[in-house]
Amino acid sequence: MAWNMVQLLLGSLIVAISFNMFLVPNGIASGGVAGISILVQSWTGFMPAYTQWALNIPLFVAGALLLGRKFGAKTAIGTVVMPLFVLLSAQIPSPTHTPLLAAIYGGIGVGLGLGLVFRSGGSTGGLDLAAQILHRYTGMPYSLALVCFDGCVIIAAGFVFSPEVSLYALIGLFVTSKTIDFVQNGLQLSKVAFIICERSVQVADAILYDLDRGLTRLDGHGGYTGEGRTVLMVVVGQNEVPRLKQLVRNIDPEAFVIISNTAEVLGEGFKLEN
């Protein structure tokens with residue numbers, strides 16, 4: 001619990017610093033309430049932190065009333081604390097005034113911070129809550145609602161600043177999403193393999209004792225023949241894929257092997273999380 005709170009506060013601080021160092025000075029309004037606050041500052045001179053509070057707190061209250069009290073204390077803390085950090089770090093100087101660099105490094109910083117916030121089980125609220133409300137009461141898919149909100153902010157940035165700046169904002173949004181994925185899942189992707197072959201017993205023994213990986217035997221049936229056959233499912237690291245393929249090829253050259261990415265694996269031999 002304490003570590004989750006540390007991640008929530010640290011993530012919010014990183015988001016705030018990245019926002020003030022890179023995005024605000026270069027007008028990179030890459031979606032969300034943070035992007036709206038940049039647009040409002042350009043129009044009125046109103047400090048972004050105050051705009052974020054003015055939008056985040058009512059959205060949180062509306063979410064609690066319309067969606068139920070499922071957001072918890074962490075979302076409430078993120079809703080209040082993140083704008084506070086934005087206010088406290090507002091005077092940090094920007095290391096660059098090149099929009100492309102600002103979009104890339106700002107996106108990385110914001111993504112890193114949000115990734116930590118999400119790992120803690122918290123949220124910074126904002127348009128995420130608006131998207132959930134829209135999904136609940138209109139049936140619109142949540143991801144589509146969020147894309148629509150962020151898209152409106154980026155389009156507005158094109159009118160307020162310039163179309164070129166809105167393109168930089170798209171880059172920032174893309175980098176942010178990829179960085180969040182990295183923080184959540186890590187760089188190392190595991191692979192899951194499905195192996196269909198006639199010599200499944202020998203292949204299973206090789207995986208268990210030569211590759212030293214566990215596996216699961218699944219009952220399958222041929223779609224055309226209807227014949228029963230065993231399907232072996234095994235999860236391996238990326239560096240183990242060539243050896244797995246070689247083992248299968250040596251035992252049964254006619255084996256049918258499907259290998260795909262899997263973002264996260266929990267259990268013995270892989271990472272465990274509480």
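Helices α9 and α10 are roughly antiparallel to each other, a label given to angles over 145 degrees, where under 35 counts as roughly parallel, 65 to 115 as roughly perpendicular and the rest as oblique. In this predicted model, helix α9 spans residues 200–209 and helix α10 residues 241–251, and the two pack at an angle of about 150° with their axes 10 Å apart. Axes are lines fitted to C-alpha atoms, for helices over the stretch in contact, and angles run from 0 to 180 degrees between N-to-C directions. On the α9 side the contact is made by Gln-202, Val-203, Ala-206 and Ile-207, and on the α10 side by Leu-244, Leu-247, Val-248 and Ile-251; contact means heavy atoms within 4.5 Å. By class, seven of these residues are nonpolar, one is polar and none is charged. Ala, Val, Leu, Ile, Met, Phe, Trp, Tyr, Cys and Pro count as nonpolar, Asp, Glu, Lys and Arg as charged, and the others, Gly among them, as polar.

The contact of α1 with α5 comprises 14 nonpolar, nine polar and one charged residues.

The protein as a whole has 10 helices and four strands, defined as DSSP runs (helices H or I, at least four residues; strands E, at least two) numbered from the N terminus. Their order along the sequence is α-α-α-α-α-α-α-α-β-α-β-β-α-β. The radius of gyration is 24 Å, well over the 19 Å given by the globule rule for 274 residues, so the protein is more spread out than a compact globule. This radius is taken over C-alpha atoms, and the rule is 2.2 Å times the number of residues to the power 0.38. Along the principal axes, the C-alpha atoms fill a box of roughly 70 × 45 × 40 Å. Of the 274 residues, 44% are buried, meaning under 20% relative accessible area, with exposed over 50% and partly exposed in between (1.4 Å probe, protein chains only).

Residues are numbered from 1 along each chain as its sequence is written, and side-chain values use heavy atoms, with hydrogens and water left out. Local features need pLDDT of at least 70 and side-chain atom pairs count only at pLDDT 80 or more, while totals for chains, interfaces and linings use all residues.
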